[in-house]
Amino acid sequence: MRGVIDTSQELLTEVVNLVEYPTAILGNFDQEFLELPDEVITTVMIKHQRYFPIKETSNNQLLPQFISISNGDPNKNAIIIRGNERVLKARLSDAQFFYISDCNQSLSSYLPKLENVTFQQELGSIRDKVNRIINIVKQISYQLQLTPQQREEVIRTSLLCKADLVTQMVYEFPELQGIMGEKYALVSGESEIVAQGIFDHYLPRGSDDQMPKSLTGIVVGIADRLDTLIGIFGLGMIPTGSSDPFGLRRAANSIISIIWESQLSIDLSDLISQECNSFILSKPNKESPLKLLKHFFVQRVQSLLQDEIKIDYDLVNAVLGDMDSEYIERALQDITDLKRRTQFLQNIRDNGILDKVYQTVNRSARLAKQGSLEYTELDPYKIIDTNLFEKLSEQELYDSLLNLVSTVDVIKTNKNYELLIEGLINITPAVNEFFDGEDSVLVMDKNHKIKQNRLNLLGILRNYGRILADFGAIVKS
């Protein structure tokens, strides 16, 4: 039977730095231990003994063998391997005992024990945390319009997601949390969807880890992390510098990455607001962490877009409105659309299309600041007084804006930003004529009504651009 060493780069690096005169020796263990879950055996070998597991070449199944690295006299290898086998047998025997004992009762029977495990002194036990996770899961389920069955599955997953923390196996091998939860759920007769969700809700465990695939794991994972963020922020324990003992940056990054990966329409702003209200109701002597937490999420989005996805800094600022409140709210309401807009901006910058509309929208946006038009106003017919027009160029720009109204309505619904850019390119000649043509106008006219009317024309154009980004924050290529 041929086998291949299951080489962990982390273990290999560790062992290389532990030994000076390495000798690889082959050891064996009893076949009966293969009845344990593979993850238990490999955790014992890799994390606790620094041994390399061996898997069968044809089917990737574990073999009852391992490789250990000796730093001693090669002539003593027989003695060394017997000692290694003895230690591994003892470890696996303990694991076997824990596994059998844990499986003798259902996973749900462990829930009362969670009341004796503290999550954080002021935030209560892990059981209290599970209750809060369930509440957040219900809100996400409502947002996603899950079916009754899906809703039942995610709630069941959230109820059981931490139950394995008080099993004997996870107490002895904490790195198996979630992994054993999935195994014990299946043994207890839970559905595969619930079991998979228990494992998935811990993902990603690090920056290079896999993302959760199951809907149950996605929803519960977001709820779990959000509960931690709201609770810890609510207690005023906000990360500063390199200090982040609760891993809050990692938790926020994971929530954002999970939403991006799953492309689900989750309104983070609404979730954060509701849960901050719940926090204040439970702790009326504390201040709401709402404002700080929203700002924290925007910072994490900004960092991920620039550092991980490699979007130019000014384009990131443009979709965040250079941190203006309306854009921040829009960003958190749909961070998947936010990511899509930054990538679209980067693409049209790279292929030169952005240059064709930059001057048109940016110049209009800068001047529109002198006016008072709300960012939300998109209908020129409502606010432009054509009786105040003095030049043909004003009428032409107005007509061009009117022609875009129906297109803008479509764009806001289907997020077709290519269509928006096409419309802005088409309106460019009218804008150029308005500013610089033979029939150009002086926007800042002495007559206040005429000036405001012209500023409103530019404000409408600026607002069309803001459907994609704040062009005023973009630096010219």
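Guide: Helices (H or I, at least four residues) and strands (E, at least two) are DSSP runs, numbered from the N terminus. Keep in mind that this is a predicted model, where local features need pLDDT of at least 70 and side-chain atom pairs count only at pLDDT 80 or more, while totals for chains, interfaces and linings use all residues. Residues are numbered from 1 along each chain as its sequence is written, and side-chain values use heavy atoms, with hydrogens and water left out.

Visitor: What distance does helix H5 reach from its first C-alpha to its last?

Guide: H5 covers residues 148–160, which makes 13 residues. At 1.5 Å a residue, 18 Å is expected. The model comes close to that, with a reach of 19 Å.

Visitor: Which elements do the buried residues of H5 pack against?

Guide: Buried means under 20% relative accessible area, exposed over 50%, and partly exposed in between (1.4 Å probe, protein chains only). In H5 the buried residues are Glu153, Val154, Thr157, Ser158, Leu159 and Leu160. Counting contact as heavy atoms within 4.5 Å, their packing partners are H4, helix H8 (192–200) and H9.

Visitor: Now the charges. How many salt bridges does the count come to?

Guide: A salt bridge here is a side-chain nitrogen of Lys or Arg within 4 Å of a carboxyl oxygen of Asp or Glu. By that rule, the count comes to 22.

Visitor: How many residues apart in sequence are the parts that Lys89 and Asp30 tie together?

Guide: Their side chains meet in a salt bridge at 3.9 Å, N to O. Lys89 sits in helix H3 (residues 77–103) and Asp30 in the loop between strand S2 (23–28) and helix H2 (38–49), so the tie joins parts whose separation in sequence is 59 residues.

Visitor: Are Asp224 and Lys129 buried or exposed?

Guide: These two form a salt bridge of 3.1 Å, N to O. Asp224 lies in helix H9 (residues 215–234) and Lys129 in helix H4 (residues 126–144), so the pair ties together parts 95 residues apart in sequence. Relative accessibility is 9% for Asp224 and 3% for Lys129, so both count as buried.

Visitor: Which residue of S4 stands opposite Lys55?

Guide: Two strands pair if DSSP finds at least two bridges between them. S3 runs antiparallel to strand S1 (residues 3–5) with 3 bridges, and there Lys55 is the bridge partner of Val4. S3 also pairs with strand S4 (residues 62–70) in the antiparallel sense over 3 bridges. In S4, the residue opposite Lys55 is Leu62.

Visitor: Which residue in the turn of the S3 and S4 hairpin has a positive phi?

Guide: The hairpin leaves 5 residues between the two strands. With a phi of about 65°, the residue in that turn is Asn60.

Terms used
Expected span 1.5 Å × (residues − 1).
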